[in-house]
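Biologist: Hi, I'm new to this one. Could you walk me through it?

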Amino acid sequence: TVEDCRCALAALFEVLMLTTKLMAPLTPFLAEYFYQHLSMALPDGEREPSVHFCMVPEVLEAARHPDIERAVAAMQPVIELGRQIRDRKKKPLKVPLPEVTVIHKDQVYLDDVQSLARYITSELNVRSVKVVRVAEAQGLVHLRAMPNHPVLGARFGKAYKQWQEKIRALSHADLAAFLDSGKLVIEGEAFSTEEVIVQTEFAGSAETHESATTDLKDLLVILDCVPDQAMLEEGTTREVVNRVQKLRKEALLLVQDPIEVFYRVVVPEAPAAAAAGDSKAKKGNTGAADTSAVE
């Protein structure tokens with residue numbers, strides 16, 4: 001709506017103006033250039049002759065939303081790991097993928113990720129986001145206990161080797177309970193999360209899925225890398241649109257310039273191509289061109 005556009009522009013203006021004022025001591029001439037243009041939108045009573053006459057903006061603690069900041073901080077590594085998987089598997093973002101699964105020990109973390117699921121689906125181009133607690137992910141993950149050698153070595157001395165074997169022999173259920181409670185007791189000896197580090201590893205099918213984890217191995221992201229036929233066709237459509245846009249740019253055409261797009265089916269036996277056949281797109285803008293076949 002028009003009101004939504006006004007709100008978006010007002011928020012953008014506020015961010016640009018605050019950034020310009022903060023930049024002024026570091027890049028005085030560039031900040032001055034920005035301010036002279038931005039200040040045209042200010043009322044006369046709020047406009048200063050120069051950005052260097054403005055006070056440094058004060059932090060509005062009341063405007064901060066810790067829940068949003070925490071959720072975004074949880075979302076960022078998920079997107080980064082998902083992109084790493086796509087690069088590793090050579091799966092371009094143009095092709096949608098079925099699902100991304102996020103595994104973590106903390107339910108609050110997972111709730112934050114789920115609250116921003118629509119951003120994750122957009123950034124990773126996946127159909128859905130699934131979140132699972134480590135304790136409930138048996139079959140998907142393998143938990144491995146890693147003793148903190150410096151700490152436990154100093155604690156147990158010569159007997160450390162025996163304790164190391166006992167720690168590594170812990171079952172999935174034992175480690176899942178340890179992650180939930182933060183407490184671990186072996187033969188009367190208590191261990192903290194600093195002394196025993198639990199790492200999460202993918203235990204599913206490597207043929208259809210690929211995983212990535214953080215350096216601490218506390219977050220595991222699993223991507224279903226097998227698109228169905230509809231997803232492949234959507235990827236082809238995006239590729240055709242991308243090529244048409246590049247051709248428009250090379251021809252120095254504007255968005256509003258009408259064009260005619262001709263295409264020829266290269267692989268007739270493909271289902272999408274066979275249905276399309278040789279055709280000529282209707283005359284119109286890029287958005288009106290038929291991109292259902294490969295040129």
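Modeller: Let's begin with S1 and strand S8 (residues 219–224): five bridges join the two, and they run antiparallel. Across that pairing, isoleucine 103 stands opposite leucine 220 in S8. Keep in mind that this is a predicted model.

Biologist: What's the order of the strands in the open sheet of four?

Modeller: The order is S2-S1-S8-S7, and the pairing is mixed. S2 and strand S7 (209–213) are the edge strands, each pairing on one side only. On average, neighbouring strands of this sheet are turned by 20° against each other, direction ignored.

Biologist: Which strands does H4 lie across?

Modeller: H4 lies across S1, S2 and S8, and runs at about 170° to S2.

Biologist: While we're at S2, where do I find arginine 133, and is it buried or exposed?

Modeller: Arginine 133 is in strand S2 (residues 126–133). With 17% relative accessibility, arginine 133 counts as buried. Leaving out residues up to four places away in sequence, arginine 133 touches His104, Lys105, Gln107, Leu110 and Asp180.

Biologist: Let's go on to S3. Which residues are on its covered face, and which on the uncovered one?

Modeller: Strand S3 (residues 141–147) has Val141, Leu143, Ala145 and Pro147 on the covered face. His142, Arg144 and Met146 are on the uncovered face. In a regular strand, side chains alternate between the two faces of the sheet.

Biologist: How many bridges join S3 to strand S6?

Modeller: Seven bridges join S3 to strand S6 (residues 196–202), and the two run antiparallel. Proline 147 stands opposite valine 196 in S6.

Biologist: OK, helices now. At what angle do helix H3 and helix H4 cross?

Modeller: The axes of helix H3 (residues 66–89) and helix H4 (residues 107–115) cross at roughly 80° and come within 8 Å. That makes H3 roughly perpendicular to H4.

Biologist: Which residues meet there?

Modeller: From H3 there are Arg70, Ala71, Ala74, Pro77 and Val78, and they meet Val108, Tyr109, Asp112, Val113 and Ser115 in H4. The residues of this contact of H3 with H4 divide into seven nonpolar, one polar and two charged.

Biologist: Switching to charges: how many salt bridges does a search of the whole structure find?

Modeller: The search finds 17 salt bridges. In general, side chains of opposite charge can pair when their charged atoms come close. One to look at is between the side chains of arginine 155 and glutamate 189, at 2.8 Å, N to O. Arginine 155 lies in helix H6 (residues 149–156) and glutamate 189 in strand S5 (residues 189–191), so this pair ties together parts that are 34 residues apart in sequence.

Biologist: How exposed are those two?

Modeller: Arginine 155 is partly exposed at 33% relative accessibility, and glutamate 189 is partly exposed too, with a relative accessible area of 28%.

Biologist: And what about arginine 155 and glutamate 195?

Modeller: Their side chains also meet in a salt bridge, at 3.0 Å, N to O. Arginine 155 is in helix H6 and glutamate 195 in the loop between S5 and S6, so the pair ties together parts that are 40 residues apart in sequence. Glutamate 195 counts as buried, at 13% relative accessibility.

Biologist: Where do arginine 243 and glutamate 239 lie?

Modeller: Both lie in helix H9 (residues 229–250), four residues apart, which is about one turn of the helix. Arginine 243 forms a salt bridge with glutamate 239, and the closest N and O atoms are 3.0 Å apart. Arginine 243 is partly exposed, with a relative accessible area of 42%, and glutamate 239 is partly exposed at 23%.

Biologist: Last topic, the backbone. What is phi of lysine 90, and what is phi of glutamate 187?

Modeller: Phi of lysine 90 is near 55°, a positive value in a residue other than glycine. Phi of glutamate 187 is near 50°, again positive in a residue other than glycine. Most residues other than glycine have a negative phi.

Biologist: Where are they, and are they buried or exposed?

Modeller: Lysine 90 is in the loop between H3 and strand S1 (97–104), and at 71% relative accessibility lysine 90 counts as exposed. Glutamate 187 is in the loop between strand S4 (184–186) and S5, and glutamate 187 counts as exposed at 60% relative accessibility.

Technical notes:
Residues numbered from 1 in each chain as written. Predicted model: local features only at pLDDT ≥ 70, side-chain atom pairs only at ≥ 80, totals over all residues. Heavy atoms only, no water. Buried < 20%, exposed > 50% of the residue type's maximum accessible area, 1.4 Å probe, protein only. Pairing = 2+ DSSP bridges. Salt bridge = Lys/Arg side-chain N within 4 Å of Asp/Glu carboxyl O. Axes fitted to C-alpha atoms, helices over the stretch in contact; angles between N-to-C directions. Parallel < 35°, antiparallel > 145°, perpendicular 65-115°, else oblique. Contact = heavy atoms within 4.5 Å. Nonpolar A, V, L, I, M, F, W, Y, C, P; charged D, E, K, R; others polar.
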